[in-house]
Amino acid sequence: MATPAADLTAAASALTLTPEQEAAVAARFRAAMVAGLAGRPSPLKMLSSHLALPGGDERGLYLAIDFGGSNVRVQLVELLGGGKWLVRRQSAAPLKDPAGAYDYTVAAATGEQLFDFLAARIAPLVDDGRDYLLGHTFSFPCTQLDAGRAVLISWTKEISTAGVEGREVNALLAAALARRGLARIRPVAVINDTVGTLLAAAYRDPSADIAAICGTGHNTCYYDAARGTIINMESGNFDALPVTPWDDALDAASEHPGAQRLEKMAAGRYLGEIARLVLAAEGAPTDPPYSLATADLAAWLADGDGPRRRLAALIAERSARLVAATFRGVLAHIDPGGKKKHTIAIDGTLYEKMPGYAGTMAAALGSAPVLAKDGSGVGAAIAAALAASRR
Ligand code: GLC
């Protein structure tokens with residue numbers, strides 16, 4: 001990795017948000033929520049999950065799949081009521097084999113192959129002769145027909161597996177389970193990971209009504225009390241933002257130019273690449289695209305040399321401040337008078353591991369979000385319980 005030129009003056013001014021810019025992001029985000037809810041053109045898809053918040057006393061044994069884009073995790077979760085649960089069995093596997101044996105995330109792979117891989121992961125978790133209800137956390141924008149049926153609108157996070165867009169994901173999963181002789185497993189719920197995180201947080205904490213993922217991707221959902229449902233905003237697609245030339249270059253070279261502009265400025269999948277583009281513009285010898293990972297930025301922040309640490313801090317801080325501004329937009333929409341207590345639950349490696357990230361966000365918000373680790377697995381179980389109780 002090349003040594004960055006010591007002068008990051010231009011980068012610093014382009015990557016540092018002014019309070020006015022942050023306030024504008026919050027106000028525009030709120031306006032985009034209103035437009036999206038009213039069915040007017042909006043960068044926010046405002047997708048209903050058809051699920052309300054849990055009461056905390058949902059019980060039972062459920063299978064859960066957490067399909068996020070880099071890994072798939074399968075769990076057997078027991079909901080105990082009283083806001084408690086136990087993960088009885090679990091395993092995880094990458095969707096792209098580090099040794100190169102397989103990659104289910106590229107256009108050369110098919111949906112059938114991908115879901116067969118998922119079904120194969122579930123098989124060791126189940127006992128013969130037992131029926132199971134399954135909740136599926138599928139972390140991509142979906143049109144939700146009901147709590148159990150969701151159609152993938154388009155892949156995000158640079159995934160391009162063939163034959164999944166436009167399809168009902170739980171139908172693909174059920175077909176794969178049947179091919180594997182696992183038809184006794186019934187997928188009854190499909191949710192976004194933000195929704196899973198909110199369900200898991202609200203299972204324990206009645207004031208939880210906003211949840212976000214700050215990981216490989218970025219997105220936020222909230223409980224819309226007026227509509228009685230959790231809404232997945234797909235906020236990674238928000239685009240009324242103060243962008244830099246590096247953001248435009250990253251976007252132009254991505255799988256879906258123009259889409260997911262906030263995600264491309266704020267999520268772990270992209271922060272390393274922003275740094276690489278800044279360094280290239282500063283005259284550093286060019287490394288291949290995506291050769292810098294967000295984990296490298298975290299390492300620079302922890303103990304890098306001066307310019308590297310400075311660049312990592314600029315990029316991470318911008319991400320945290322942009323996301324905090326969108327939260328302010330959500331809060332202004334759901335509670336204009338600021339009368340209620342709101343717990344914002346956040347999951348994701350960026351929030352958890354990037355030095356200073358959570359602190360910056362807390363400072364920008366004036367209160368600290370809670371880290372809600374691994375909520376999407378448990379959230380899938382809660383979603384299955386909620387969906388099953390309606391049948
Ligand atoms: C991407 C997906 C979104 C998901 C987020 C976090 O933004 O489109 O559905 O919630 O990543 O995984």
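Strand 10 and strand 11 pair in the antiparallel sense over four bridges, where two strands count as paired if DSSP finds at least two bridges between them, and where strands are DSSP runs (E, at least two residues) and helices are runs of H or I with at least four residues, numbered from the N terminus. This is a predicted model, in which local features need pLDDT of at least 70 and side-chain atom pairs count only at pLDDT 80 or more, while totals for chains, interfaces and linings use all residues. Residues are numbered from 1 along each chain as its sequence is written, and side-chain values use heavy atoms, with hydrogens and water left out.

The two strands belong to an open sheet of six strands with mixed pairing, whose order is 1-11-10-9-12-13. Strand 1 (47–48) and strand 13 (370–371) are at the edges with a single partner strand each, so one side of each has no neighbour in the sheet. Strands of a sheet pair through backbone hydrogen bonds, either parallel or antiparallel.

Within strand 11 (residues 229–232), Asn 232 is the bridge partner of Cys 221 and also of Leu 47. On the other side of the pairing, Cys 221 in strand 10 stands opposite Ala 211. Strand 9 (residues 208–214) runs antiparallel to strand 10 and is joined to it by five bridges, and these strands form a hairpin with three residues between them. The hairpin of strand 10 and strand 11 has four residues between the strands, and there Gly 228 takes a positive phi near 70°.

Strand 10 is largely enclosed by the rest of the structure, because six of its seven residues are buried, that is, under 20% relative accessible area (1.4 Å probe, protein chains only).

Strand 10 (218–224) also gives two or more residues to the shell around the ligand, as does helix 5 (193–204). Of the 15 residues around the ligand, those that come nearest are Thr 156, Asn 192, Asp 193, Glu 234 and Glu 263, a residue being near if one of its heavy atoms lies within 4 Å. The table gives polar contacts, which are pairs of N or O atoms within 3.5 Å.

| Residue and its atom | Distance to an oxygen atom of the ligand |
|---|---|
| Thr 156, polar side-chain atom | 2.8 Å |
| His 218, polar backbone atom | 3.3 Å |
| Glu 263, N or O atom in the side chain | 2.4 Å |

Taken alone the ligand exposes 310 Å², of which the protein buries 99%, with areas from the Shrake-Rupley method and a 1.4 Å probe.

How values were computed
Polar contact = N/O pair within 3.5 Å; in protein donor to acceptor, adjacent residues only side chain to side chain. Buried < 20%, exposed > 50% of the residue type's maximum accessible area, 1.4 Å probe, protein only.
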